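Morning, everyone. I'll walk through one structure today and keep it brief. Please have a look at it first.

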Amino acid sequence: MQQQTVSVASVNLFIGSTVNENFSAFLREHHFHKIFILVDEHTLRHCLPRLMDTVAELEGAELIELESGEINKTIAVCTQVWRVLSELGADRNSLFVNLGGGVITDLGGFVAATFKRGIAFVNIPTTLLAQIDASSGGKTGVDLDGLKNEIGVFAEPRAVYIDPTFLHTLPKRELIAGFAEAFKHALIADVDYWQLLCRTEMANAEYWEEIIRRSVEIKQTIVKADPYEKNLRRTLNFGHTVGHALETYFLERGESTLLHGEAVAAGMICELLLSVDEAGLDSKSADEYCTQLVKRFPHIAFDQMANERLIELMRHDKKNVEGEIRFTLLAACGKPVLNKACSPDRILQILTAYHVKYVLS
Ligand SMILES: NC(=O)c1ccc[n+]([C@@H]2O[C@H](COP(=O)([O-])OP(=O)(O)OC[C@H]3O[C@@H](n4cnc5c(N)ncnc54)[C@H](O)[C@@H]3O)[C@@H](O)[C@H]2O)c1
Ligand SMILES: [Zn+2]
């Protein structure tokens, strides 16, 4: 199986089904006093056995299990983990291993980056979304009262080990939701990649490694140029102004039925519609991109009543300046337009257009 190593800033990022050998070598080299592995009930069952079988150096590691789900990406859960670390004598020479999807890598990275002012951590992402997006780039954090990633720090894992074979046990809905971030990478950076994704049968494992590799390359190129999101990195936020608002809206209503990738897919459709008038995207291309997304991702049925709340939630977006809601839009595939302020009235029109076009029809 092909193996690819991408070295980015201080992060070593490995892709392929034999990455556990790299992880073993890393552990042999570093002699950590203690190792902690963070899992949820699904990665405990589906991913941990494979990891333990192939990385002998993990013998004796302490296991910390969380309940899965975005609803648990909170400070309260971090506090529980910090307490366990403290009780089990974690110190600056310990290693924290995040084995899971984006919830585990976001929360676990934050826990590690803040415990005793920072202990080393590595990410072993096990969902497509975490493999192509959440596990690298150095953003860690948790939600606050449902507001997405309101609390967090930039902190780089020592290494990221991406093994696509973990995806075989991932529920199909989760796999497809992960593809939303791949489509985002294509739209913001690479028309050839967009075409490849449009031709690809998402459930076909043959393509996963290629898709992970291309997405990771796009993300890393952007992150390397602007690690702390002063400007260019906002490109990666395409689809997320509306997407995060939708995600929070569903979390608030206690309906944790909307996955991050699904919210981002709907967010991209809205932001493509917005791009036509606000960023000069030609309407034929916008139609074509929306059609491809609509074919693959679920339509999100939020009612008209939701619109005002969604706009309120967008006011919390980290890209905003002086109360203006700012978007990353597209002038064309591969040509993002940053910091585009749009009025609440304009956003309302787009939410209504999405509702009429994709929910009612
Ligand atoms: N830090 C970043 O740059 C960044 C980027 C994108 C998304 N995110 C965050 O990532 C999160 C979403 O991540 P996600 O989609 O991976 O969700 P997730 O972590 O909730 O995982 C999805 C589900 O799949 C299960 N699972 C994980 N691996 C499995 C496997 N191999 N087999 C079977 N089940 C498995 C999990 O237990 C969970 O139930 C959101 O909180 C989002 O904000 C962060
Ligand atoms: Zn995302």
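Which residues come nearest to ligand 1? Asp40, Glu70, Thr127, Lys148 and Thr169 do, out of 28 residues around ligand 1. Keep in mind that this is a predicted model.

Let me start with confidence. The chain has a mean pLDDT of 93. Of its residues, 97% reach 70 or more. There is one stretch to flag. Over residues 6-10 the pLDDT is below 50. Beyond near neighbours in sequence, that stretch still has ten contacts in the model. Where pLDDT is low, the predicted coordinates should not be read in detail.

Back to ligand 1, now with distances. An oxygen atom of ligand 1 sits 2.5 Å from an N or O atom in the side chain of Glu70. On the nitrogen side, one contact goes to the side chain of Thr169, with an N or O atom there at 2.7 Å. Another goes to the backbone: a polar backbone atom of Lys139 is 3.1 Å from a nitrogen atom of ligand 1.

Glu70 and Lys148 belong to a network of salt bridges, together with Lys73, Asp106, Asp143 and Glu247. Take one pair from that group. Lys148 and Glu247 meet through their side chains, N to O, at 3.1 Å. Lys148 is in strand S8, residues 147-154, and Glu247 is in helix H10, so this pair ties together parts that are 99 residues apart in sequence. Buried or exposed, for Lys148? Buried, with a relative accessible area of 8%. Glu247 is buried too, at 3%.

How many salt bridges are there in the whole structure? The search finds 23. I'll show two more.

The side chains of Lys184 and Asp133 form one, at 3.0 Å, N to O. Why does the pair tie together parts that are 51 residues apart in sequence? Because Lys184 lies in helix H7 and Asp133 in helix H6, residues 128-134. Both Lys184 and Asp133 are buried.

The other one is local. Glu217 and Arg213 meet at 3.4 Å, N to O. Both are in helix H9, residues 208-225. They are four residues apart, about one turn of the helix. Arg213 is buried, with a relative accessible area of 19%.

Next, the metal. Which protein atoms are donors to the zinc ion, ligand 2? They are OE of Glu181, NE2 of His240 and NE2 of His260. Their distances run from 1.9 to 2.1 Å. Along the chain, the donor spacing reads E-x58-H-x19-H. Glu181 and His240 link distant parts of the chain, 59 residues apart. Glu181 is in helix H7, residues 172-189, and His240 is in helix H10, residues 240-252. Both Glu181 and His240 are buried.

One last residue. Where is Thr235 found? In the loop between H9 and H10. Thr235 counts as buried, at 4% relative accessibility. Leaving aside neighbours within four places in sequence, Thr235 is in contact with Ile188, Ile222, Thr328, Pro336 and Leu338.

To recap the metal and the charges: Glu181, His240 and His260 are the protein donors of the zinc ion, and a salt-bridge network includes Glu70 and Lys148. Both of these are among the residues that come nearest to ligand 1. That's it from me.

Conventions. Residues numbered from 1 in each chain as written. Chains lettered and ligands numbered in written order. Predicted model: local features only at pLDDT ≥ 70, side-chain atom pairs only at ≥ 80, totals over all residues. Heavy atoms only, no water. Donors = N, O, S within 2.8 Å, 3.2 Å for Na, K, Ca; no water. Helix = DSSP H or I, 4+ residues; strand = E, 2+ residues; numbered from the N terminus. Buried < 20%, exposed > 50% of the residue type's maximum accessible area, 1.4 Å probe, protein only. pLDDT = per-residue confidence, 0-100. Contact = heavy atoms within 4.5 Å. Salt bridge = Lys/Arg side-chain N within 4 Å of Asp/Glu carboxyl O. Near = heavy atom within 4 Å. Polar contact = N/O pair within 3.5 Å; in protein donor to acceptor, adjacent residues only side chain to side chain.
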